[in-house]
Amino acid sequence: MTPEGMERAVRWLAEAERVVVSTGAGMSKESGIPTFRDAQEGLWARYDPEELATERGFRADPRLVWSWYAGRRERILACEPHAGHRALAALEALLPSLTVVTQNIDGLHARAGSTDVIELHGSIRRAKCLDAHHPFTGEIPTGEGDPPPCPRCGSPLRPDVVWFGEVLPADAVERAWELAGTCDLMLVVGTSGMVYPAAELPRVAKRAGARVVEVNPEPSGITPVADLFLRGAAGAVLPELVERLRRAGE
Ligand code: BJW
């Protein structure tokens, strides 16, 4: 992250009318939540998350997949938003329009105070049943074990997240694509840019004439379309960016 790059990002933010922030798992890493493509830890080291996060994987071994999500839910609920999440929430007050479009299922943007958050891949805090997608309104049981049955139809409960091969929620997609096509600047934070259709969003923005600024400690699948790459962790880069923008406006 060079001072020149940071200044350019501040100038572009100050000029923008509509800003979209598109976030991935790296955004929550400093809250203590491993990224999706980090190596699995402990008991889970021998499983491939890309196999677990599928309907096929769940049907093959519901207990295994339900238990994996139960462990992740417990860990996520114990985590707090970090300075980067809070910086994005504070950025709302400095710009005419800002929407966060996240692939994350952890709810940390809203917990940090962001008021306009689109969740593309659902939420680990909700469950629904496998066959009829009935929303589950009770308290999701903690701990490992078999998925409980849906109180309405008896089908096993599953997390209300988007697995590979499943369509994203239509209302979230519609709004996210509309905003990507009309924003002046898209800030892309902490995604490998490997998973579609979310990885299309910066390309949609770029094709429509927006500037694309990426924040990531490593180059990603998004870097080739970024006008500016700010190398670094979300928890360091975002607070500095917002502080510089605030000072520039004084
Ligand atoms: C930091 C940091 C720090 C670290 N600060 N940064 C076109 C081409 C090829 C394939 C497809 C295609 N279109 C669709 C597909 C298939 C598939 C897909 O994309 N496959 C790819 C793997 C190739 N997509 C789908 O199936 C999607 N559905 C779909 O397309 O429906 C239409 C359809 C239906 C049926 C038939 C055909 C079409 C659904 C995708 C759902 C993804 N779901 C998951 C699981 C959610 C629940 C859960 O968490 O368990 O979502 S997968 C997983 O990946 C999760 C994430 O949201 C998603 C993206 O990962 P993300 O966020 O980028 O994380 P990482 O770990 O990859 O990267 C972390 C980054 O952070 C790295 O860059 C680090 O450097 C960085 N970082 N520390 C900032 N401190």
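**Ground rules.** The model is predicted, so I kept to its limits: local features need pLDDT of at least 70, side-chain atom pairs count only at pLDDT 80 or more, and totals for chains, interfaces and linings use all residues. Residues are numbered from 1 along each chain as its sequence is written, and side-chain values use heavy atoms, with hydrogens and water left out.

**Count.** I searched the whole structure and found 19 salt bridges (a side-chain nitrogen of Lys or Arg within 4 Å of a carboxyl oxygen of Asp or Glu). Side chains of opposite charge can pair when their charged atoms come close.

**Aspartate 116.** I looked up its salt bridge with arginine 175 and noted 2.9 Å between the closest N and O atoms. Aspartate 116 sits in the loop between helix 6 (108-112) and strand 3 (117-119), and arginine 175 in helix 7 (residues 170-182), so the pair ties together parts 59 residues apart in sequence. Helices (H or I, at least four residues) and strands (E, at least two) are DSSP runs, numbered from the N terminus. Arginine 175 is partly exposed at 36% relative accessible area (buried is under 20%, exposed over 50%, partly exposed in between; 1.4 Å probe, protein chains only).

**Aspartate 146.** Its partner is arginine 63, with the closest N and O atoms 3.3 Å apart. I have aspartate 146 as exposed at 51% and arginine 63 as partly exposed at 45%.

**A network.** I also found Glu7, Glu240 and Arg244 linked by salt bridges in a network.
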